[in-house]
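Subject: A two-chain model for you to look at

Hi,

Here is the structure I promised to pass on. Have a look at it first, and then read my notes below.

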Amino acid sequence: MEKQVILKTSHISKYFYEPVKFKALDEVSFEVFDSEFITLIGKSGSGKSTLLYILSTMDTDYEGELFIGNEKITGQKPNYLAAIRNKNIGFVFQFHYLLPEFSCLKNVMIPALKLGKYSHQEIEEQAYQKLELLGIRDQALKPASKLSGGQQQRVAIARALINQPKIIMCDEPTGNLDSKNTGIVLETFQQLSSEFGQTIIAVTHDNDFAKASNRIIEMADGKIIHNL
Amino acid sequence: MKLNVNSEIAYTHLITRKKQTMIAALGVTVGIGIFIFMISLVVGFNRYSDESLFKAASHLRIYQDDILSKPLIAENKMGYTAVIVNPKIANVSNTLINPEKIISDLKKQEDIVTIAPQVSVNLFYNNGTSQINGVASGVNIVEANAMFNIQSTMLAGDVRNLLATPNGILIGVGIAEKLNLQLYDNINITSSIGVVKVMKVEGIFKTSNSNIDLTKSYISLAMSQQLLHQSSSYVTDILVNIKDPNKAPEYAKLLKNLTIYKVEDWQTANEQSMSNKKTRQVMFGSISLAILLVAAFGIYNIINMTIKEKLNDIAILKATGFSGKDVINIFLKESLIMGIIGTSFGLLMAAGLIKFVSGIYIGGDREYFPIGFEPQIFLIGAILGVLITLGAGYIPAVGAAKIDPIEIFRR
C-alpha cells in the first residue's frame, strides 16, 4: 500500500533582506507522508526553523509552493490560513508558551473552542483525555504558570493534539528540558506516531531525539543535504 | 451560558489585572462624570436664562414694521432711475388691521399655545412733582398672565383685579419705590399724545431685571386704547407663544406668510443672549470633550500596555488558529468592558454631582443652582463613553492583529 502524501513543498526559496540580502532557503522540495515522524536537523542558520515556519503557514513571504493534504496553501488569505492552522496543525515550541493566566485545562481547550466543532462539555472531556494521555491529568486545574517546564511542555503537546490535527510541528520541543523530561516527550511522540498514526515534523538539535524518528532531514545552507 | 472563546480570553485578561482595569475604568468614570455634569450645567443655565427671558418676551411678536416711502414710478422702468431724496416713514398708523381675524387665523395653528394682543403706550408716571417715563402694556391680563406668568412676580396685589377695575394698573417695584406708591394708591399717568388718566395701583411686581421694574406697567387693553385716542380695534402687537420655543424662527416664516406683517422670533430679538448661549455651549463643550479625550488616552495606554506584555500570548493564539480579526475582537472586548464599567460609574458620579450642586443656594429669583437631570444628556454621555473607549481600544488592537508570530518565536 502506498503511503498518502500529507505535506508537500515544491521549490521553496526564501530570502532575508536584513542586514543584507541572504538566501535562507534554496529550492527546497520534499514530501511528508501520513503517520511519519520526521526530524529536521542541521547547524544553526541552516534554515530548518525558517522552513518549519513556512510549513506552519505562519510565514507567507517565500517563493515556491506548499501543499497540505491536496490543498495548495501558497497564496491563501491570512484569515483562511489561521483557520487551516486551527484545524490541521498543532504546535509545540521550545519555550512551551502557554497562556499563563489560564488553567492547563483551558490552555488545552482554547484551540478547540476556537474551532467550535464540539460543545463546551465535549471539548472539556477531550481535553481531559489528552492530558490523561500525557500523564498530567492531575494538574489540569492548576494555572499554567505553576507547572514545571516538563509538565508545561506536555500541556503544550496536549494542546497541539486537541483538534486532532493532520500534522504536529515542533520547534526544538526538548531544547529547554532536562534529560528525564526529554525522554518523556520523545516517548510521547513515538507513541503518537506509531499507535495513533500522527504525523510529526520536529526541528531539533538533539541527535538522540533525531535518531528516534522515522526519517531525518538534514539541512545546510538552505538546502536539504540528507533525506533518509 | 458559556462565553465564546474570545470573550473568555478578554474576560480572563481583565480579571487577572484587576488594578489596571479599574484604573482605566476610573479614567472613563471621571471623564464621563465631568462631561455629563458640565453639559447639564450649561443646559440648566440656558434653560434658566431662557425662562427669565420669557418672563418679559414672547416667543414670537407680530407687528407692523415701519415702511419707507417709495417712488410712484416703478423702479424698474426703462430709462428712468427713480429716487426719493430723504425718504420718510410712510406708515399712517402702526396698528394691525383687523386683529380679530389675525387672532382667529392664529388659533387654527396647531402648535400655538397662547396668543395675546397688546398695545404699547409710551407714558409718564407722575406723583406730585416726581415723574418717570416708561412703557405701559395694554393687555388682556388673563392672556398676558398665561404668557409671562406675571402673578409669580407679584409682590403685592393680584393680576385679576385688573379685570374688575377699569383704571387699574400693575407697576414695577422700581416705579413704586421712586414715586412712593403702595397698593391701592392713585397714580397719574400721561400718555405720549398728552392724555392724562388717574389710575389705581392694583399690584406691584418685581422681575429679575431692575430696568424693567423701573419702567414697565400693565394696564387693560381698553385703557391703553383710550390713552392713545384709538378705537377698540387698535392693536400694535400680537404676542404668540408656541410649544417648542426653539422652533420660533421656522414659525416666524410661517406666520409672516399668514399675516403679511413682520414676525420677529425671540432669538432674533435677543441676539446678545443667543450669542452668550452659544459661547457657553462651545466653551463647556470643548472643556468636557478634552476631559473625555484624556480618559480615552487612559484606555489606550492600558490596552497598549496589555498588548506589549502579551506579545507571546498573541503569537500563541495566532499560531493555534486565531485570526487577526479574533485578536482585534479580544482587545476591543476588553476596552468595551472597561468602557461600560467606567461609563456606568460615570453616570452615577454625574448624578451625584448634579444632586449636590442643585442643592446649592444662590439667591435671586431662582434661589437654587439651575441644574437638573437631563435624560438626554445622560444618554449621550453613555453612548459617547462607550464609543470613545472602543475607539481608544481599536487603535492598539489593530496593531496587535498585525503582530507577526514568527518574529516572537524567533527570539
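The buried residues of helix 9 of chain B are covered by, among others, strand 1 (60-63), strand 9 (237-242), strand 10 (262-265) and helix 10 (266-269) of chain B. Contact here is a matter of C-beta atoms, placed from the backbone, lying within 7 Å of each other. Helices (H or I, at least four residues) and strands (E, at least two) are DSSP runs, numbered from the N terminus.

Please keep in mind that this is a predicted model: local features need pLDDT of at least 70, side-chain atom pairs count only at pLDDT 80 or more, and totals for chains, interfaces and linings use all residues. Residues are numbered from 1 along each chain as its sequence is written, while chains are lettered from A and ligands numbered from 1 in the order in which they are written.

Which residues of helix 9 of chain B are buried? They are B:A248, B:Y251, B:A252 and B:L255. A residue is called buried if 20 or more other C-beta atoms lie within 10 Å of its own, exposed if 12 or fewer, and partly exposed in between.

The helix itself, residues 248-259, has 12 residues and reaches 16 Å from its first C-alpha to its last, close to the 16 Å expected at 1.5 Å a residue; that expected span is 1.5 Å times one less than the number of residues. Just after helix 9 of chain B, B:I260 takes a positive phi of about 65°.

Now to chain A, which has 7 helices and 10 strands. Buried residues make up 47% of its 228 residues. Its C-alpha atoms fill a box of roughly 45 × 45 × 40 Å, taken along the principal axes. Among contacts in chain A between residues at least 6 apart in sequence, 71% join residues at least 24 apart.

Where do the two chains meet? The contact takes 21 residues from chain A and 19 residues from chain B. On the side of chain A, helix 2 (78-88) and helix 3 (104-115) each supply at least two residues, and helix 2 of chain A gives the largest share, 6 residues.

Enjoy exploring the model!

Best wishes

Technical notes:
Two residues are in contact if their C-beta atoms, placed from the backbone, lie within 7 Å.
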